[in-house]
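Subject: Structure handover and findings

Hello,

The structure is placed below for your use. My notes on it follow.

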Amino acid sequence: MESHSDDLVLMFPKPSMDLKRAKREAKGGWVIPPFNLTENSRGPFPELLVQIKSGYASDYQMAYRITGEGADLDPKGTFTIERLSGNLFVTRPLDRERKASYRLIVHATGVDVNISEKPIEITVKVMDQNDNSPVFTKPLYKVNVPEAADKGHEFMTVTATDADDPETGNAVIRYSIIRQDPESPNPNMFEINSVTGGIRVNSLGLDREKWSKYTLVIMAADMEGRGYSTTGTAVITVTDSNDNAPQFDQTLSSTGLKRAKGGWVIPPFNVIENSRGPFPQWLVQIKSDYSLETRMAYSITGEGADLDPNGIFTIERLSGNLYVTRPLDRETKASYRLMYHATGVDVNIAEKSMEIIVHVLDQNDNWPIFTQNQFNGNVPEAADKGHEFMTVTATDADDPDTDNAVIRYSIVKQDPESPNPNMFQINSVTGGIYVNSLGLDKEKWSKYTLTVVAADLEGKGFSTTGTAVITVTDSNDNAPQFDQTTSSTGLKRAKRGWIIPPFNVIENSRGPFPMKLVQIKSEYSLEPQMAYRITGEGADLDPKGTFTIERLSGNLFVTRPLDRETKASYRIIAHATGVDANVAEKPMEIIVNVLDQNDNYPFFIQNPFNGNVPEAADKGHEFMTVTATDADDPDTDNAAIRYSIVKQDPESPNPNMFQINSVTGGIYVNSLGLDREKWSKYTLTVVAADLEGKGHQTTGTAVITVTDSNDNAPQFDQTSHTVSVPENKVGAEVAKLTVTDGDEEGSPAWSTKYRIISGDKGGFFSVSTGPSQLEGVITTVKPLDFEKNKQYILSVIVENDEPFVGSLATSTATVTVNVEDVNEPPEFNPKEKIISKPEDSPVDSELVSYTATDPEFGNFFKIMYKIGNDPDGWLSVNQDTGLIKVRKPMDRESPHVKDGKYTAIIQALVDDDNPPATGTGTLIIELSDVNDNAPVINERNIMFCNRGSAPVLLSITDKDDPPYAGPFTVETQGETSKNWSTVMNESSTGVFLKPKSTLKEGDYNVVLRVFDQQRLFQDNTIQVTVCDCEKASCLAINSFCLQ
């Protein structure tokens, strides 16, 4: 709020004259202007305002204290000062509507010296914020208007007040009509003067006999219609004007009432919903007054008769008794328009058809429903008792004009219950939740969960439970301490003077300009005339000329509206010099802070926003976020944006398919029923509004693409197939089963897979997906046998690669496979025969009889046997009997024996087949080992150095297996024992050989006898060459030489 009076000039007090001034004895010092604080600051508290400092502080330790309004006078404790630093704090949010300014007295005294500053008065002005909604001066306005009133006739005025500063746009109210009930004969029968609130007739057509009363819903909004709004009600009664001539109803006769034509006896009636019958239930008798003279026949048409919903009402043809055939539901249909017809049975007369409206009366058969669950809200931990910070809302589908839909709210549980169980209260009518008790502490209890009940019948009827989650936001009640004694311009303050705090100017002032801000004055001005000038930002620096100062008075002016978004603060240097005297003040820095007004609309960071949502997404699934920014001060509600969805296109299957998180802008699924095949794209119109949703609004667009989910089961094009397949063929294609799928082509919800669910107990078939992804190919994986099973009936189902969404019926195809007979070879039983024999079985000894049978004719035809494959030629087979014998000695150590097993193929042929069909059997002989191989030393030639050689390890192998192999033992033989010695290694699978003494150069035959575990032995001769270790040739080739 700007200052316009000289009484705001604060004279800087002079120090005691017994203290010397630095460099001058003359009086001097700056006069401290008042400074401004914006109301409703969000802290953190205590919040540093400025550092007050005496010029003595450069030499001595000074102690500071404050007295006056907000210090030791009510409201006590609003301002505090640190004793030694002079830091001045405000301890709580200020409210301009409670107190617009504070006068504080600042005292400074020396701590260790007997000095003191003269007390100085500082005025703190509270700057207005738009924190009050308009209030109508009456809860209900009632007035009359003649039905013959001309267009433009003003007949009433509504008024609203606003507690904000009347000198700002915050209290400038504009009026508008937002609803007229009824809307007949047109919805704009009245108009309101947006400035005065005067209501006048806007359209001719008022008719008391048709519309005797109008209810107008009027909105009053501050900030010239762009800020907070309040609604009020005006009830207008249309008074009679003489615009209808009297009319005789009927003509009288001597017999009573005579009528030229028939008329109805009309019984108006209402029907209550949810009647329990019995049905059909009699409602009323409809009767023509012709029925007094002749029999009449009755019929009905219209809604509930021959129009949807058909058959709800019926009428007895001759009696006129009207019946309802089932319970009615007001929420489905609140009224029915029926046409009644009556014709003579025996005479040619007919009543004119008559319309009767059947009203369905409401019963309390609907529960309240919360508009969202959960509700989320924030509350500052420093919030006062009574501070309302969020609202929960519920709706009720019952008749809003009855108590059945009148909802009342209550809190039934608070978690946690600390510091007490009643920290919050709820407005039972509006659902507004407010602080009920002091003691919120974010550091202890950062979140509360309230269980809220909404009950209809004004709280006595059906009830529904919802949840409100409250986050306690920080008010920084552990404030850091901050020193700001030095000017950012680097200008030192003169001793013996007060430091001048910055002051605030609100942006977008409406003038008139130039507008006085404050008077800057030097104490020297009490004696000589002083001249003032300013330099710095907004003076002689860009934006030049924003501030000016009157040369002799020191009055500081702003020449144009300021814009915080262009520049948030200005640093100005004030200068004062004597006009006729050689005196000058040291230049002084003044900081002008520009306070924010809500003058910027939210701005969406992109438009449109694009997002994808699966059609099977669950309710509550969040899939995209819209974001808007606001150029206003982010530390105020001017930039606190809230989001809402105002339109959904298309509105199918219902107009509330999506919801938006009002704080984050996250869009989530609100209702099941997304269907890509019907509605593949949605366009949402999203509103971003500042002032937490109550301020300026901007519209953006969110385009949502519904992505495919597997909600269409694939269907077989043909569900029955009959095919023929030859027996014995593996990999034969049996059938191709084609399908169609309504999901998105190429997606996992469209591509298919198949399963055989019955008819294939032996596992003879497999089904795979064909190249087109929409066909199943059945093939054989095992040979079919005509003699065992001539027909298979397979049931095949088709599914998608992606699981179905919900419960979908799978499509099934039946494939009848007829097996074709082919000429089959004899079959060995078993196909693979395993026998065990010792490897030294005698030649011509019998091994086994291995026979086959004809699968088609049994033993009817003669079968002949022969060897198909015998790698070592060890076997023979009797061609008539299949008896297999040893043909030549077997050897388990043969390279054709794998893991002790020898495999041969035996063939069986039917003698009469042409060409003969050949069957094969596999004979596996497990050969048990005998000790028929002596151990052998692998190394046959080695070299030794004749001096200092290390022992040489010779490895030993035995073709036999344990227990006919190692561990081995070795003995030297003959002359070898004189010169050579042996030692077995730890595993006894090798032997160390070394000379017993130094040997001459030359070749030596070393004979070693090697025994296996069963003492079967063999002599092994090793050729050993001994060379002279000192010869290079020996060193080059002998790895056993040691130096």
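Predicted model: local features only at pLDDT ≥ 70, side-chain atom pairs only at ≥ 80, totals over all residues.

Residues are numbered from 1 along each chain as its sequence is written, and side-chain values use heavy atoms, with hydrogens and water left out.

Overall composition

The chain holds 5 helices and 77 strands; these are DSSP runs numbered from the N terminus, with helices (H or I) of at least four residues and strands (E) of at least two. Of the 1043 residues, 43% are buried. Buried means under 20% relative accessible area, exposed means over 50%, and partly exposed lies in between (1.4 Å probe, protein chains only). Among contacts in the chain with a separation of 6 or more, 66% are between residues 24 or more positions apart, a contact being heavy atoms within 4.5 Å.

Valine 734 sits in strand E55 (residues 733-740). Valine 734 counts as buried because its relative accessibility is 7%. Apart from neighbours within four places in sequence, valine 734 is in contact with Val723, Val725, Phe765, Ile778, Thr779, Thr780 and Val817. Its C-alpha atom is 9.1 Å from that of valine 815, a residue 81 positions away along the chain.

Threonine 67 belongs to strand E3 (residues 62-68) and is also buried, with 18% relative accessibility. Its side chain makes a polar contact of 3.0 Å with the side chain of histidine 107. A polar contact is a pair of N or O atoms within 3.5 Å; within protein, one must be able to donate a hydrogen and the other to accept it, and residues adjacent in sequence count only if both atoms are side-chain atoms. Leaving out residues up to four places away in sequence, threonine 67 touches Asp72, Arg103, Leu104, Ile105 and His107.

Salt bridges

Side chains of opposite charge can pair when their charged atoms come close. A search of the whole structure gives 30 salt bridges, each defined as a side-chain nitrogen of Lys or Arg within 4 Å of a carboxyl oxygen of Asp or Glu.

One of them joins arginine 337 and glutamate 355 at 3.3 Å, N to O. This pair links distant parts of the chain, with arginine 337 in strand E26 (residues 335-344) and glutamate 355 in strand E27 (residues 354-361), 18 residues apart. Arginine 337 is partly exposed at 43% relative accessible area, and glutamate 355 is partly exposed at 45%.

Another salt bridge is formed by aspartate 1019 and arginine 1009, whose closest N and O atoms are 2.7 Å apart. Aspartate 1019 is in strand E77 (residues 1017-1027) and arginine 1009 in strand E76 (residues 1002-1011), so the pair ties together parts 10 residues apart in sequence. Both partners are partly exposed: aspartate 1019 at 38% relative accessibility and arginine 1009 at 22%. Elsewhere, salt bridges with shared partners join Arg174, Glu224, Arg226 and Arg510 into one network.

Regards
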